[in-house]
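Here's a quick briefing to read alongside the model. Have the fold open and follow along as the topics come up.

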Amino acid sequence: MDFSLLGPVTVTTGPPAAPVELPLGPAKRRSVLAMLLLRPNATVSVEQLISSLWEDEPPAHARTVIQGHVSRLRAALAEGGAEDHGVELTTHSSAYLLRIPEALIDTQRFDQLTAQASPESAPGEAVRLLNQALGLWRGPALTGTVASPPFAAAAHALEERRLSAVEALARAHEGLGEHEQAVRVLHPAAVANPLREGLIAALMLALYRSGRQSDAIAWFHRTRQLLDDDLGVDPGQRLTAAYQEILRAAPTADGPQGGPESGGQPGVQQAPSTPSHQPSATASAPAPVPELLPRPPAGFHGRVAELAELSRLALGTDAPGQGGAAGGSGGSGGYPQEGGIALLTGPAGVGKTGLAVHWGHAHATAFPDGRLFADLRGFSGGEAAVPAEVLREFLLALGTPAEQIPTSPEAASALYRSLTARRRLLVVLDNAGSSAQVRPLLPGGPHCATLVTSRSRLDGLIATDAARPVRLHALGPEDGVGLLGTLLGPARVAEDPEAARELVALCDGLPLALRAASAQLVARPRWRLARLATALRDERRRLALLSAEDTGVAAALRNSVARLSADDAQLLRALGAGFAREVNTAEAAALSGADPELIQDSLDRLAEMHLLDEEATNRYVMSDLVKLFAQGDGSGRGDGPGEASGLPSGEPPQGPDQA
């Protein structure tokens, strides 16, 4: 019989070759057993169990719940033959005691093995014992228990013992002169615990002794920066001493083992690796190269100036481009020196995501360490993505084992910055709802580029992180007609160029609207462009016509308007009903019947969400499609006007925003 706490809380019985796991039931029952196993052969009071199982106020019947869990645990243990193994769960007044041979509990075996290991005096035997001890771990300790402070503290204490065993195993390998083995032992733990200075110091020395001096120095500077950013402190004595030893090229038992980075005169610091060198202190296995970008947008057309601006901001090049390979001389090999952040903003449907994805694919060779992508769902009508969940996906894509991803969002963010510190990555954060949602996901390296797309201006990201905005406007007539040509074929557009230009105007030059219109025409190959243009002139039908299955202008606008306050939505409705093209503050106040000073703030918020456009000081314009939607329902809770399209094939449904 085997009781496991070093990973998921389990009880197994039967032969080692074919163990059978006992059914322990829900988390609270597993937690009762875990607390008894943490204190084997000692009484645990009901009060201790209650305080461990309920973080908030426990229910009035908590004692009855505990009694029920203990009763079912007794039955499960009895079915597994607990009595034959000397295991007995007994009641002592208002407490419980689990009598058990301690050798049956993996935590006890772990402690016994680590206590027997002596890395300094018997390194060979220590390697065997410590590998056996660490082999007992199957994931984060106490997995499956309730999330309460007592269990969190117990899991943390067990993790500290594991990390101490990792450091001891590395010392044993060092004692045998196996410096590369020490690196392989320390590196995963250091990546998962980037602020544990003793661990980083041991890794630095192991790297140096294996001939990787520049990697060791890079780890010091990375950790120093993390300590300053996250804790506001300088490196401690152990980390500083390791750094100084490397800089002095102090003699070691074996000395540097030779290699491409071990040359140089004693006492001379070698420069940290440039981007052309190994990006991080890794073991011999190459780092994963994540490819998370969606496939390139079909029929992409135009945006020459915006593509060139993205290249300038993200790649540090002033050379004009049209989405091809990077050029120019800015940065090392064309890479930005400060981890450039480009912020693509614009109204719903203007093509922000398509532009970012197209640029990312066009410049794939500029980012040999991979490309990350996340839809933050800031304007998708549902719950926005939680940065901690996105961080987990990014860390998995970067090769971090799931069990080594920190549970703390702050630690996960620090690990992410550490992993990206020396890589050449592109990170695309799409559909961001706020600056706060973006900041934990910004990479840490100067050779990374980040593209953020949002319908909001995200002024906070510009203020705190030096993001550079790239505002996307609607396509002009020529580019709009060109997009129709790529989607429908140039011959069909050439049949009726005037109708094509009218379609662009009726779609407000929005790529999303033009794609929806093209979908209507592709599905009806006998239609001429003029027929659809005639249908779109009917304002009651236009929004419904500009929808195609799971995408549409009305749905995109609905998700934007849903983010507004009730007062701002009411103003948008009043503006949609009350003016043809442009308005100033006084006119908006008259239309809505509100205080001009309050109206100014509302107008600014509508402009920030790109539902209005401030073309000049105190001069706001509204696009025809936004106006039509606002006339239908500025609150965003209902549907825009013209639900029925009147098309022969029926009404095309509306779907989520694909802008």
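## The fold in brief

The hairpin of β5 and β6 has two residues between its strands, and there Ser93 takes a positive phi near 55°. Helices (H or I, at least four residues) and strands (E, at least two) are DSSP runs, numbered from the N terminus, and two strands pair if DSSP finds at least two bridges between them. This is a predicted model, so local features need pLDDT of at least 70 and side-chain atom pairs count only at pLDDT 80 or more, while totals for chains, interfaces and linings use all residues. Residues are numbered from 1 along each chain as its sequence is written, and side-chain values use heavy atoms, with hydrogens and water left out.

**Overall numbers**

- The chain has 27 helices and 16 strands.
- Of its 659 residues, 53% are buried (under 20% relative accessible area; exposed means over 50%, partly exposed in between, with a 1.4 Å probe and protein chains only).
- Take the contacts (heavy atoms within 4.5 Å) between residues at least 6 apart in sequence: 69% of them join residues at least 24 apart.

- β5 (residues 88-92) and β6 run antiparallel, joined by five bridges, with Leu89 standing opposite Leu98 of β6.
- β6 also pairs with β4 (residues 43-45), in the antiparallel sense over three bridges; here Thr43 is opposite Leu97.
- β6 (residues 95-99) is mostly covered, with four of its five residues buried.

**The five-stranded sheet**

- The order is β8-β9-β10-β7-β11, in an open sheet with parallel pairing.
- β8 and β11 (468-471) sit at the edges with a single partner strand each, so one side of each has no neighbour in the sheet.
- From one strand to the next, the twist averages 15° (axes are lines fitted to C-alpha atoms, for helices over the stretch in contact, and angles run from 0 to 180 degrees between N-to-C directions).
- β7 (residues 341-345) and β10 (residues 449-454) pair in the parallel sense over five bridges; Ala342 has Leu451 of β10 as its bridge partner.
- Helix α11 (residues 304-315) lies across β7, β10 and β11, and runs at about 170° to β11.

**Helix α13**

- In α13 (residues 387-397), the buried residues include Val390, Leu391, Phe394, Leu395 and Ala397.
- These cover an arc of only 155° around the axis, which puts them on the same side of α13 (the arc is that of the directions from the helix axis to the C-beta atoms).
- The general rule is handy here: an α-helix has 3.6 residues a turn, so residues three or four places apart point the same way.
- β8 (371-375), α14 (409-420) and β9 (426-430) are among the elements covering the buried residues of α13.
- After α13 comes Gly399, with a positive phi near 100°.

**Nonpolar cores**

- The largest nonpolar core has 113 residues, and Phe3, Leu142 and Met204 touch the most other members. A core here is a set of buried Ala, Val, Leu, Ile, Met, Phe, Trp, Tyr and Cys residues joined through side-chain atoms within 4.5 Å.
- Helix α6 (residues 149-175) gives the most to this core, with eleven residues.
- Setting aside neighbours within four places in sequence, Leu142 is in contact with Leu5, Gly7, Val9, Ala34, Leu38, Phe151, Ala154, Ala155 and Leu158.

- β14-β16-β15 is the order of another open sheet, with antiparallel pairing.
- β14 (582-583) and β15 (613-616) are at the edges, each with a single partner strand, so one side of each is left without a neighbour in the sheet.
- β15 and β16 (residues 619-621) run antiparallel and are joined by three bridges, with Tyr620 of β16 as the bridge partner of Glu614.
- In helix α25 (residues 585-592), Thr585, Ala588 and Ala589 are the buried residues. Their arc around the axis is only 100°, which puts them on the same side of α25.
- Ala586 and Ala590, on the other side of α25, are exposed.

**Cysteines**

- The count of disulfides (a pair of cysteine sulfur atoms within 2.5 Å) comes to zero.
- Cys448 counts as buried because its relative accessibility is 1%, and Cys507 does so at 0%.
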